[in-house]
Amino acid sequence: MMRIVLGMGLYCFAMSALAMSVVFINPGKRDELYWLSAGKAMQAAADDLGVTLEVRYTERNHAQALVQVREMIARPISNRPEYVIFSNELGTGPELLKLLDDAGIKTFMAFNGRMPGVDDIGQPRQQYKGWLGSLEPDADQAGYLTAKALISRARKAGVPRVHGKLQMVAIGGDPSTPSSVRRSDGMRRAIKEAGDVMLAKEVYAGWSQERALAQGSWLYVRYPQAYMVWAGNDLMAMGAMQAWGNRGKQAGKDVFFSGVNTSDEALQAVRDGRLSALAGGHFITGAMALVMLYDYDKGRDFASEGLEQRWPLFMLFDAQSAQQFMRLYGKQDFSGIDFRRYRKTLNPVLKRYGFSFKPLLK
């Protein structure tokens, strides 16, 4: 194991012959539960694997990721990480990739990979030799599962229709982050499959509860016959619920909401019926990315399964599974998960990765 020394806000790596060092550029805030969970799960995986991990939060200031990378590159070579994991948030991935590749630091995209047709960076290990690959949760799955469950709930409630159609409004994250785009794609796929639903309007609230409250306030006025509100994350769902609540509408009875992520507030809302659909569990993406990099570092290249991987890490929560999650992981303690069982090195019978969150509730 490496020894970590804290100085001037930076972790310096005391390198050893066998250990590997990784920096995760966390795009979220330290008090943002989803990204806190992502960082905590990665640390639990790092502890299991004997990896030294440094987590750097950008506090939702995506320009800060560039500052942090430049700081890393300016370190003495002996104190630089061997690998950097980052998320392609708001299109920052290509610039981060170029900086790190020019510095000879190996990279891996997690949570959000490249967006084909938008990011002009080619595929991993081509234009940028040190870009090893990417791992994304299947965000389309999250949008689809939550929208489908939301539609089912509204049908059972017998909400009024407009010209034979159920009306839905949607509050997405942002139009330039791959996971946001794909969640919305999944939502539209569920609507198309349903046949009796119309998407009246989709807006973007930048993953913010406050902005979703503001957006929801005018959506309520503009689309009073929309009894379904789909949201791209839990914070925006909470903001939308507040907006409708301010108008005297009761979530889960007068209007139905969905969200993504596993904050305590969202899980509790599922338990008491205010939130009709919730998908989550994908915060373990970063931990699984560490497993893949560990195998690569030990000579078992994950490329045999593809350089850019997308896994169905989401699960749909009900009241029982929400309670189970809160019991097991409500304190953000993921040390009970044995991440070593996922690695291919030292597990020769394991031919393919089996990343999924649902088994972790058992």
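Predicted model: local features only at pLDDT ≥ 70, side-chain atom pairs only at ≥ 80, totals over all residues.
The structure holds 21 aromatic pairs.

Another aromatic pair, made by Phe325 and Tyr329, is edge-to-face, with a distance of 5.6 Å from centre to centre and an angle of 65° between the planes. Both Phe325 and Tyr329 belong to helix α10, which covers residues 319-329, and they are four residues apart, about one turn of the helix. Phe325 has a relative accessibility of 1% and so counts as buried, and Tyr329, with a relative accessibility of 7%, counts as buried as well. Phe325 and Tyr329 are also members of one aromatic cluster, which they form together with Phe283, Phe317, Phe334 and Phe357.

Empty space inside the model was examined next. Rolling a probe the size of a water molecule over the atoms shows where empty space is left. The structure holds one cavity of 30 Å³ or more, and the space in the largest cavity comes to about 40 Å³. The residues that line the largest cavity are Ile25, Pro27, Thr58, His62, Ala65, Phe86, Ser87, Glu89, Thr92 and Leu96. Sorted by class, this lining has five nonpolar residues, four polar residues and one charged residue.

His62, one of the lining residues of the largest cavity, is found in helix α2, which spans residues 62-74. With a relative accessibility of 14%, His62 counts as buried, because the cut-off for that class is under 20%. When residues up to four places away in sequence are not counted, His62 touches Pro27, Glu89, Leu90 and Thr92, and among these, Pro27, Glu89 and Thr92 are also listed in the lining of the largest cavity.

Phe24 has its place in strand β3, which runs over residues 21-26, and at 0% relative accessibility Phe24 counts as buried. Once the neighbours within four places in sequence are left aside, the residues in contact with Phe24 are Trp35, Met42, Leu53, Glu54, Val55, Arg56, Ile85 and Phe111. Between Phe24 and Ile77 there are 53 residues of separation in sequence and 18 Å in space, taken from C-alpha to C-alpha.

Gln141, finally, is found in helix α4, which comprises residues 139-157. Gln141 has a relative accessibility of 16% and therefore counts as buried. Leaving out neighbours within four places in sequence, Gln141 is in contact with Pro312, Leu313 and Phe314.

How values were computed: Residues numbered from 1 in each chain as written. Heavy atoms only, no water. Phe/Tyr/Trp six-rings, centres within 6.5 Å; stacked < 30°, edge-to-face > 60°. Helix = DSSP H or I, 4+ residues; strand = E, 2+ residues; numbered from the N terminus. Buried < 20%, exposed > 50% of the residue type's maximum accessible area, 1.4 Å probe, protein only. 1 Å grid on protein atoms, 1.4 Å probe; cavity = no way out; pocket = protein on both sides within 12 Å on 5 of 7 lines; lining within 4 Å. Points joined across faces, edges and corners; volume = space filled by probe spheres on them. Nonpolar A, V, L, I, M, F, W, Y, C, P; charged D, E, K, R; others polar. Contact = heavy atoms within 4.5 Å.
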